[in-house]
Amino acid sequence: MRSYLSLLVREWREWRMVMIVVGSLYVLGLAGSALMLYKGSDALIHGDIRTNWAQGEWDFDEDDEDIEWLSPKEMVSAKRSQILLFGWTHMLRAGVSFINLVLLVLALFYLVDAVYKERADGSTFFYRGLPVGDLSILSSKLLFGTVGFLAVSFTLGVIWVLFAQLTIPGNLADVIAAAGLSPSQVATTDLIGDWALFHILQLAWLLPFAAYFLFVSTVTRSRPLLIGVGVLILLGLLWRFLAGDNALLREITANLDVLGDTLKTEWLGTKGPEIAPGESIELFGSFSGYILSLRTVISLLVTGGFFGLTFFAYRRNLPVS
Amino acid sequence: MEPLIHIRDVSKSYGSTQALKAISLDIPAGRIVGLVGPNGAGKTTLLRALTGSIDYHGHIRILGLEPRNRREKLVAFTGVIHDVAVLPPWMKVRHVLDYMQGVHPRFNRQRCEEFLATTAIEQGKKVKQLSKGMKTQLHLAVVMATDTRLLILDEPTHGLDILFRKRFYTTILDEYFDGDKSIVISTHQVEEVEHILSDVIFIREGSVLLNITMDQLREEFVQLTVPAEKTDEVRSLGPLTEHELFGRKVFLLRDVDRATVEPLGEVQVPSVSDVFVALMGGEA
């Protein structure tokens, strides 16, 4: 256990500067977004009210029929709610989407370099001269490249959610209630719960790709990133040519779509009024339905296959050019 | 009694290049063995096979373990310095020690730090910031602080100056070797290690050319320096090599009766490098 922990610490130490830089930029982004939302929403509301008041007309969302029957005071309040909610939810969405995407890209860079870099600089001989099994070495890399990066994504996302909750101007509950959303949908614990579930599902999606890129890192003689990504694209195109659809490419990018859809429907409140208070939020249709599906089984089988190939290739310690 | 290292028919190819050609060897315990050969002879490949760092065909048993399948167990009792360039360049020195402490049950951090304290190496520096000599010292400190039975050194002093090289081997002898432990040293600079060797193995183009103890080498090979008029008589004994030195002829002979050659001139024990050059056909 101590030995395995040392392997993970080693990976963390090699990548921590990258993580720190990304985390720092993220915090700066948080501060900037909060400032923009706070100042921007106030300016927007006041400017909008002044303009509309002077012109004697209001520019509410035409689809929102309820607003037509509000008194002027209620209309101002509703307008403020609309703008705040729009800004807040989009800040939330942009923040977590961005950090998740950045961490996925970093994981890709990590995985294609994980073994290749050691083969290239000769340090694989140092590591293999120590009493640590190949299985431990490789599984620690796979674990760090998946769970490790997703854990950072989750943590930074949680920070973002908490930050967004704290920086929303005015009384959040009033704003949410005025927008007609179920309070349970935007409770901090629910948001964090969604975020955690999303990462578990993302892990199931990421694992086969991670194992594939680790394999590429173990066998390629040069340019593992180019080869790894290139082969996937070629396979996708070949699939399209042979099968006549984009199923493979869609599957590869499916997770990114799911993130977007989830955020739009669950967090941005576009389905808010349709979900009754206390009703469970269903990601990907259904969490249990997704995780206990054939898709997950295939994911695990592909992961196991690539990991097995990586294990045997790693033992051969193939030279790089 | 099983030898410490037992090698049978070990082969290894890289593409169309055969680096090792069915090598068979036995190395007993308590020896300091020099693995000597020109560049590209297969020394490094053999040592990497011994530590299980690469796959191979054939059979190797070290301390009763097959490196290919039992690398993890084997290297717990084996110290390896492959080359000074194998330490992870991004790691800080203290992280190297942390890592060793975490994964090697026989690593003594205190001993390593004591050793490093005698050098100019700072623990906060990254490996890539160290000079080549410092990297060797660091690697040596790590290996010296690990309780092992076998030490494998692959060109450990390659590219270092004479002071570092001397200090390196002095440290190995003083701090590590105690008669029970064994050392296998690979080098093509044979003159710098021959004084510490108990056995020598010459390797060329993936094959073992000579596997002999230093005592046997001193008995088996003779360097004979004779005046010009004795040249033909010595040539009839079938010398391995001959060259001229200050107007006299110097021959290297193998398996000759000393009593027979002593009357012909001055008999000396040849250096390992002389024997090496003679057997390599002058290519070294």
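Student: Two strands pair if DSSP finds at least two bridges between them. How many bridges join strand 10 of chain B to strand 13 of chain B?

Tutor: 3 bridges join strand 10 (residues 221-226) to strand 13 of chain B, and the two run antiparallel. Gln223(B) stands opposite Gln268(B) in strand 13 of chain B. Strands (E, at least two residues) and helices (H or I, at least four) are DSSP runs, numbered from the N terminus.

Student: What am I looking at, and how is it numbered?

Tutor: It is a predicted model, in which local features need pLDDT of at least 70, side-chain atom pairs count only at pLDDT 80 or more, and totals for chains, interfaces and linings use all residues. Residues are numbered from 1 along each chain as its sequence is written, while chains are lettered from A and ligands numbered from 1 in the order in which they are written.

Student: Different topic. Strand 3 of chain B: buried or exposed?

Tutor: Buried, for 5 of its 5 residues (32-36), so strand 3 of chain B is largely enclosed by the rest of the structure. Buried means 20 or more other C-beta atoms within 10 Å of a residue's own, exposed means 12 or fewer, and partly exposed is in between; C-beta atoms are placed from the backbone.

Student: Which way do its residues point?

Tutor: Ile32(B), Gly34(B) and Val36(B) point one way from strand 3 of chain B, and Val33(B) and Leu35(B) the other. In a regular strand the side chains alternate between the two faces of the sheet.

Student: Which strands does strand 3 of chain B bridge to?

Tutor: 5 bridges join strand 3 of chain B to strand 7 (residues 182-187) of chain B, and 4 bridges join strand 3 to strand 8 (residues 199-204) of chain B. Both run parallel to strand 3 of chain B. Val36(B) stands opposite Thr187(B) in strand 7 of chain B, and Leu35(B) has Ile201(B) in strand 8 as its bridge partner.

Student: How many residues of chain A are in contact with chain B?

Tutor: 22 residues of chain A, with 23 residues of chain B. Helix 1 of chain A gives the most to the chain A side, with 7 residues.

Notes:
Two residues are in contact if their C-beta atoms, placed from the backbone, lie within 7 Å.
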